[in-house]
Amino acid sequence: LSFLRPLAAAASRFGTLPSTAAAAVSLPTQQPVQQVALFSASLQATQQPVMDRSLYTVPTDAPVTFLACRPAFEKLSQAEKAYAYHLYRASWIGGLICLHQTSAESPGLFLVLQSVFRRQTPEQLRAACKAGVSDADWDAFLMYATQVLGNLGNYKSFGDTKILPDLSEEALDKIITASEAHASSERVRVAWQRVRAAASSLTDRNRQLGLGTAGVTAYFSDNCDESDAKLAQAFLDSRQISAYNTRLFKSADGGSFRIVQASAESSVVAEPTDFTDEASGRSGKFSVERGDYRELMSLALPHLRNAEAAALNANQAEMLRRYAASFAGGSIDEHKAGSRAWIRDKGPAVETYMGFIESYRDPFGVRGEFESFVAVVNKEQSAKFNALVSNAEKFLPLLRGQLLMRRTNFCSLTSLRWRL
């Protein structure tokens, strides 16, 4: 459960972080937390306007597809398997950052669902809540759990709209409270109490991700708007600091801002400094600190270093050394250097990319969501495709419709696919 510590620790350091969500996991803080609630509309029960909730639920007959990795993994050498394993461990730990980048309730929801299904199989849980839960509500619960776990949060990875359970709050509560996890864990009970209303809440603001009154976001405190984002960007540009691995939090009085960088190490980058944006004339006091998500970054680092030791070539070793330096100290330049080594690694049997990459979910469009993947080559299938491409000139005349194509270069699998 250590992945939940960033909420409590960050709330201790930065008063404008989601203190209500930090309280949900019952973790100790070292300092009093200033009560500037992030996503207060999301975490509190409010009177909700009438909306078409079906737009935010997922049908229970939606397909769930499993990625079959075993056949490809078993064809790898022992060295390749060791390399993939350490990357896999670092990826899953780092991926939990996405929960903290999505919404205040996402970490708590993840904690509850993971705890529930680690203690009981779906069949065991269904038997425990059979009396008060209909089959339709049970199927809707399973689909909701699938969506939250699959998207690493309760907002869609593509579309950024909220994911709602297609059953009542009361029915959802019956299922969770009937679980062994809820009965045996105080942390699960407190987390569920905090996020229960937020999970089913649908308001004009929390139905999508956005900045200010346009939606909810975890990249900014609840009292930030677009003008604050522009002012902060002007400050960062003046200091030549990348915004890619940062978040922005404004004080309750609106006069000061704290920019936090993701890193395992905690340090002060810039003491509180008065800044005026010449273009807009706006002013504010800014400070920059390292140490956001430090617990997760610290947990991922040993696996990155183990992967570096197991690297299959010099490019991979340099890539991971640079990534580890970036995760430790927060340097985006180090990550860029690692990415250049990644580009030089041609045709690897095991490939990875990880870090704060895509900026689509930041409403201001400059902060990267944590992303990571580990991909392995299916050697058996690749050998078949290579043979197919090598003999393309022989096969193509035998295919129907070949006269419809004007291309004369059939040396790539792409052109052969189009031909087929």
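Helices (H or I, at least four residues) and strands (E, at least two) are DSSP runs, numbered from the N terminus. Axes here are lines fitted to C-alpha atoms, for helices over the stretch in contact, with angles running from 0 to 180 degrees between N-to-C directions. The model in your viewer is predicted, so local features need pLDDT of at least 70 and side-chain atom pairs count only at pLDDT 80 or more, while totals for chains, interfaces and linings use all residues. Residues are numbered from 1 along each chain as its sequence is written, and side-chain values use heavy atoms, with hydrogens and water left out.

**Stop one: a helix pair**

Select residues 106-119 and 135-151, which are helix 7 and helix 9; they pack at an angle of about 120°, their axes 10 Å apart. The two helices are therefore oblique to each other, a class for angles that are not under 35 degrees (roughly parallel), over 145 (roughly antiparallel) or 65 to 115 (roughly perpendicular). Now show side chains: Leu-109, Phe-110, Leu-113, Gln-114 and Phe-117 of helix 7 meet residues of helix 9 including Phe-141, Tyr-144 and Val-148. Contact means heavy atoms within 4.5 Å.

**Stop two: the largest core**

Next, pick Tyr-83, Met-297, Leu-320 and Met-354, the residues with the most contacts inside the largest nonpolar core, which has 36 residues. Such a core is a set of buried Ala, Val, Leu, Ile, Met, Phe, Trp, Tyr and Cys residues joined through side-chain atoms within 4.5 Å; buried means under 20% relative accessible area (1.4 Å probe, protein chains only). Two or more residues each come from helix 5 (78-95), helix 6 (97-102), helix 14 (294-309), helix 15 (314-329) and strand 5 (350-358). A second, separate core of 26 residues includes Val-112, Leu-113, Cys-129 and Val-188.

Back in the 36-residue core, centre on Leu-320. Beyond its neighbours within four places in sequence, Leu-320 touches Tyr-83, Leu-87, Leu-304, Ala-307 and Glu-308.

Switch to cartoon view for an open sheet of 4 strands in the order 1-2-4-3, with mixed pairing. Strands pair if DSSP finds at least two bridges between them. At the edges, strand 1 (246-250) and strand 3 (267-276) each pair on one side only. From one strand to the next, the twist averages 20°.

Strand 1 runs antiparallel to strand 2 (residues 256-262), joined by 5 bridges; look for Lys-250 and its bridge partner in strand 2, Phe-257.

Finally, select strand 3 with strand 4 (residues 283-292), an antiparallel pair with 7 bridges. Phe-275 has Gly-284 in strand 4 as its bridge partner. Their hairpin has 6 residues between the strands, and Gly-281 there takes a positive phi near 85°.

Technical notes. Buried means under 20% relative accessible area, exposed over 50%, partly exposed in between (1.4 Å probe, protein chains only).
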